[in-house]
Amino acid sequence: MSISCQYHQYLVRPIGLFALLLASAVAIAQTANDFPKTYSDIDYSQKIDSLRNLYGQKISYQNAEQMELATLLAVSHYPLLQNRKIKVIIRKVKGAPVEASFSPFNFIKPRKSKIYKIIIHENSFMERLGLNKQIAALGHEMAHFIQYEERGYFGTLFGLLRYVSSDKYRITFEKKADKVAIDHGLGPLMFDFSFYTSKEEIKIYMDEKGYGY
Ligand SMILES: [Zn+2]
């Protein structure tokens with residue numbers, strides 16, 4: 001049923017040390033205001049190796065290698081998920097163009113073997129979006145993983161039952177995911193790309209929280 005990222009050996013290789021230094025810098029800059037407001041495809045494509053070192057060690061792709069840059073940048077906003085396995089999959093599926101898969105087994109597995117899957121509908125518009133919109137969409141899906149972690153097994157299961165049976169609950173749940181994404185510095189990217197929360201609502205929330213845009 002479904003509704004809708006480490007570095008090591010830093011003493012061994014110079015690249016590892018570089019990654020550690022970068023990670024420390026990122027660890028300090030973890031408030032919503034410290035992330036870029038937009039990402040330039042050209043600039044960040046050139047940084048893919050260091051991004052992969054920093055955030056990509058636990059991310060795998062199935063037919064979705066073209067989503068790597070957007071995935072790495074989205075997960076850079078979520079320190080918690082940098083310690084989780086994430087799999088991005090593009091395949092023929094029915095339903096939403098992109099979804100954050102919920103597996104009940106994730107809750108009985110030890111934290112290290114949990115796998116969070118983001119499933120993207122093959123040939124959907126997701127593949128054709130620009131970098132910033134892809135990050136916004138993936139960031140929204142990753143916010144669901146945070147919601148699952150916060151709610152735990154029964155909370156998530158109960159939530160999913162309500163999700164499929166109540167439109168009102170579904171919209172509230174989705175708007176909360178948008179807030180989680182905004183709290184993780186993705187607000188400016190969501191102005192142009194958010195399904196559930198209007199640009200005005202995003203602005204109001206960001207003003208309330210003192211987030212710049
Ligand atoms: Zn969602």
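**Entry 1. Ser60**

I start with a cut-off: a residue is buried if 20 or more other C-beta atoms lie within 10 Å of its own, exposed if 12 or fewer, and partly exposed in between. The model I am reading is a predicted one. I looked up Ser60 and found its place in strand β1. I then looked at Lys117, which is 57 residues away from Ser60 along the chain. The C-alpha atoms of these two residues are separated by 9.5 Å.

**Entry 2. The whole chain**

I stepped back to the chain. I noted eight helices and four strands. Along the sequence I read the pattern α-α-α-β-α-β-β-α-β-α-α-α. The chain has 213 residues, and 33% of them count as buried.

**Entry 3. The sheet**

In what order do the four strands lie in the sheet? I wrote down β1-β2-β4-β3 for this open sheet, with mixed pairing. At the edges I found β1 (59-62) and β3 (98-101), each of which pairs on one side only. On average, neighbouring strands of the sheet are turned by 15° against each other, direction ignored.

I followed β3 to its partner. Strand β4 covers residues 115-121, and four bridges join it to β3. The two strands run antiparallel. In this pair I found Val98 opposite Ile120 of β4. Helix α6, residues 131-165, lies across β3 and β4. I noted that α6 runs at about 20° to β3.

**Entry 4. Helix α4**

Next I turned to helix α4, residues 68-75. How many of the eight residues of α4 are buried? I noted six, so by the cut-off of 20 or more neighbours the helix is mostly covered. The buried ones are Ala70, Thr71, Leu72, Leu73, Ala74 and Val75. What do the buried residues of α4 pack against? I listed the helices α2 (41-45), α3 (48-55) and α6, together with the strands β1 and β2 (85-91).

**Entry 5. α4 against α6**

Two packed helices are described by the angle between their axes and the distance between the axes. I looked up both for α4 and α6: the axes come within 8 Å and cross at roughly 55°. The two helices are therefore oblique to each other. Their crossing is right-handed.

I then listed the residues that meet. From α4 they are Leu69, Ala70, Thr71, Leu73, Ala74 and Val75. From α6 they are Leu131, Gln134, Ile135, Leu138, Gly139 and Met142.

**Entry 6. α7 against α8**

My last pair was helix α7 (residues 167-190) and helix α8 (residues 199-209). At roughly what angle do the axes of α7 and α8 cross? I noted roughly 120°, with the axes coming within 10 Å. These helices are therefore oblique to each other. The crossing of α7 and α8 is left-handed.

On the α7 side, I listed Lys179, Ile182, Gly187 and Met190 in the contact. On the α8 side, I listed Ile202, Tyr205 and Met206. The contact of α7 with α8 divides into five nonpolar residues, one polar and one charged.

Key
Residues are numbered from 1 along each chain as its sequence is written. This is a predicted model: local features need pLDDT of at least 70, side-chain atom pairs count only at pLDDT 80 or more; totals for chains, interfaces and linings use all residues. Two strands pair if DSSP finds at least two bridges between them. Axes are lines fitted to C-alpha atoms, for helices over the stretch in contact, and angles run from 0 to 180 degrees between N-to-C directions. Two residues are in contact if their C-beta atoms, placed from the backbone, lie within 7 Å. Angles under 35 degrees count as roughly parallel, over 145 as roughly antiparallel, 65 to 115 as roughly perpendicular and the rest as oblique. A crossing is left-handed if the near helix is turned anticlockwise from the far one by less than a right angle, and right-handed if clockwise. Ala, Val, Leu, Ile, Met, Phe, Trp, Tyr, Cys and Pro count as nonpolar, Asp, Glu, Lys and Arg as charged, and the others, Gly among them, as polar.
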